[in-house]
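Thank you all for coming. Before I start, please bring up the sequence and the model side by side, so that you can follow along as I talk.

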Amino acid sequence: MSDLRVDLLGQVLPGPVIAASGTFGYGIEYSEILDLGVLGGVSSKGLTLNPKYGNEGERLLETPSGLINSIGLQNPGVRHFIENELPAMRRALAGTGTAILANLGGGCIEDYEEGCELLCATDVDFIELNISCPNVKHGGIAYGVQAESAKEVVGRVRKVCTKPLIVKMSPQAEDIARMAAACVEAGADAVSLVNTFQACAIDLEKRKPVFNNIFAGLSGPAVRPIALRMVWQAVGAVGNAVPVIGLGGIATGEDALQFIMAGATAVQVGTANFADPAACQRITAEMDAWMDKHGVKSLDEIRGCAR
Amino acid sequence: MPARCFDAQVFSRTQVADSIQRLTVRWPESVPLPHAGQFCMLRCWEHDEAPLLSRPISIHEVWPTGNDEPICQDGEQLDLVTFLFEVKGIGTEQLAALEAGDFLQITGPAGNGFDFSELDAGAKVALVGGGIGTAPLYQTARELAARGIKADIYYGFRDEPYAMEQYRGHFGTVRVATDSGRVGFHGFVTQMIKPEEYDLVLCCGPEVMMRRVAAMCAEKDVKCLVSLEKKMACGIGACLGCTCKTASGEGKSVCKHGPVFDAKEVFA
């Protein structure tokens, strides 16, 4: 049994695997499927200040080793989350050290600020600022491409944010290293990356794009090597200053360990939850088994060792 | 009750028609038995094998239901759950290759099924199905029969009906229509059913058929429940990939809030 605990910004998480936003609901849905207590955290479905129906038309398409989604930040709004889903999440996580990340996305800067203020008045452990949703025009990706835009929104949210602030980055960023640096300069306490990759599919019978928005977000094992490269770059840029949380196609303990060896403090698991509802627990156990076999007692021993 | 995820053993698997398979599994005692209209996410390939997603398949039969004679093996009473599905692609092809004794992964029971708890024993109920949409209606008929309600059956198929022989005995009249006219009524089920003869109509099939049945029921002020089908990633309400719009404009998950809805709620 290795020590899989992770110190994330002063909070000790029971494990290195955080369930990624949008793939794990509010954790409640998985309460009978796995032991939520082994997770480092659960990141909520992406929240916006006001409720959102999400996108019309097709929302899902399987691809080789991947999944394209166009959900469009469907969520009940920050206030509904605070009154309903958050207490249920707390109940499901009672007695565990598993952190709650409130993933906040969408809208104009004022909406981000107001949403953040409301969430900071609750007992969520972290704010994960989503500047990377590719499926909503103002879902944040507008801020996630250019470092200057990111700096503006992160800076403004930082001013009202009293919780540890994680900024979730898009792989569409023009320059990953510059983007990570801009987020940190603007006050991010940590960065998580990557969100989904902008992708496209065409329905031959209809001779039209599958998704109403034409482009949608690709995730899953297909993107993992690219995500790992980007995490490597982000660690290179800001790893000495802040924790980097790595995600993108992680489906096994070995995958997760690659991100840790690239320098990630912790990892998030998303699409793998759909192929295996117990993926977060299995991946944690697989990391443990590999470490045991190789005499590695804690993640600190191997974090960034590949660099 | 949140869904479980467990391995179950195949009890039997038979081909029912050209591309229609019947898969029966031994249901573990530790998991509550599903009921009519619910479904499960099925997977008999590894998490790192294609396809990425498990397949949502509706409950066709739960044994025992009501006064069913228990099935015993080695002195042990078995709970059996049957799925009837159409082979459409690489997921269902693998499910169709399962043999007795094999294991598969099940996530479920998922969703809310047909709720007829408010019906009294004298209620008149019609089950209207089209194609593979008839699959969940068999267990529905069985659960109704266990409550003393003999539901009338209206099923439509393209050409050749399947899984019909089991409707002998405890049910009401059975009417079949085929598009080709090869068997039964030549035409659509919507031409056979008179909603005003019923207190409740339960419907599952192609959306165009369900919309038509729902409209006919609405016209006669008869309650109509429909079971929707959508692509799903998680099957348990987490991914929001299967959202449908309700009359109020609110989005509901077909997997978690459905798949059964009041037709008025989803076919506004």
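How many bridges join strand 14 of chain B to strand 17 of chain B, and do these strands run parallel or antiparallel? Keep in mind, as we look, that this is a predicted model. Strand 14, residues 223–227 of chain B, is joined to strand 17 of chain B by three bridges, and the two strands run antiparallel.

Now let us step back to the whole sheet. In chain B there is an open sheet of seven strands, whose order is 12-11-10-9-13-14-17, and the pairing in this sheet is mixed. Strand 12 (185–186) and strand 17 (260–262) of chain B each have a single partner strand and stand at the edges, so one side of each has no neighbour in the sheet. Helix 2 of chain B, residues 135–146, packs on this sheet and touches strand 9, strand 10, strand 13 and strand 14 of chain B, while its direction makes about 165° with that of strand 9 of chain B. Helix 3 of chain B, residues 207–219, lies across strand 9, strand 10, strand 13 and strand 14 of chain B, and runs at about 170° to strand 14 of chain B.

Let me move on to where the chains meet. Here 28 residues of chain A are in contact with 21 residues of chain B. On the chain B side, the residues that touch chain A comprise twelve nonpolar, six polar and three charged.

Within chain A, please look at two helices. Helix 1 (residues 78–92) and helix 2 (residues 109–120) of chain A pack with their axes 9 Å apart, at an angle of about 15°, and because that angle is under 35 degrees, the two helices count as roughly parallel. The crossing of helix 1 of chain A with helix 2 of chain A is right-handed. From helix 1 of chain A, the residues A:V78, A:R79 and A:I82 meet A:G115, A:L118 and A:L119 of helix 2 of chain A, and the residues of this contact divide into four nonpolar, one polar and one charged.

Finally, is A:G57 buried or exposed? A:G57 counts as exposed, because it has 11 C-beta neighbours inside 10 Å, and its place is in the loop between strand 4 and strand 5 of chain A.

Terms used
Residues are numbered from 1 along each chain as its sequence is written. Chains are lettered from A and ligands numbered from 1 in the order in which they are written. This is a predicted model: local features need pLDDT of at least 70, side-chain atom pairs count only at pLDDT 80 or more; totals for chains, interfaces and linings use all residues. Helices (H or I, at least four residues) and strands (E, at least two) are DSSP runs, numbered from the N terminus. A residue is buried if 20 or more other C-beta atoms lie within 10 Å of its own, exposed if 12 or fewer, and partly exposed in between; C-beta atoms are placed from the backbone. Axes are lines fitted to C-alpha atoms, for helices over the stretch in contact, and angles run from 0 to 180 degrees between N-to-C directions. Angles under 35 degrees count as roughly parallel, over 145 as roughly antiparallel, 65 to 115 as roughly perpendicular and the rest as oblique. A crossing is left-handed if the near helix is turned anticlockwise from the far one by less than a right angle, and right-handed if clockwise. Two residues are in contact if their C-beta atoms, placed from the backbone, lie within 7 Å. Ala, Val, Leu, Ile, Met, Phe, Trp, Tyr, Cys and Pro count as nonpolar, Asp, Glu, Lys and Arg as charged, and the others, Gly among them, as polar. Two strands pair if DSSP finds at least two bridges between them.
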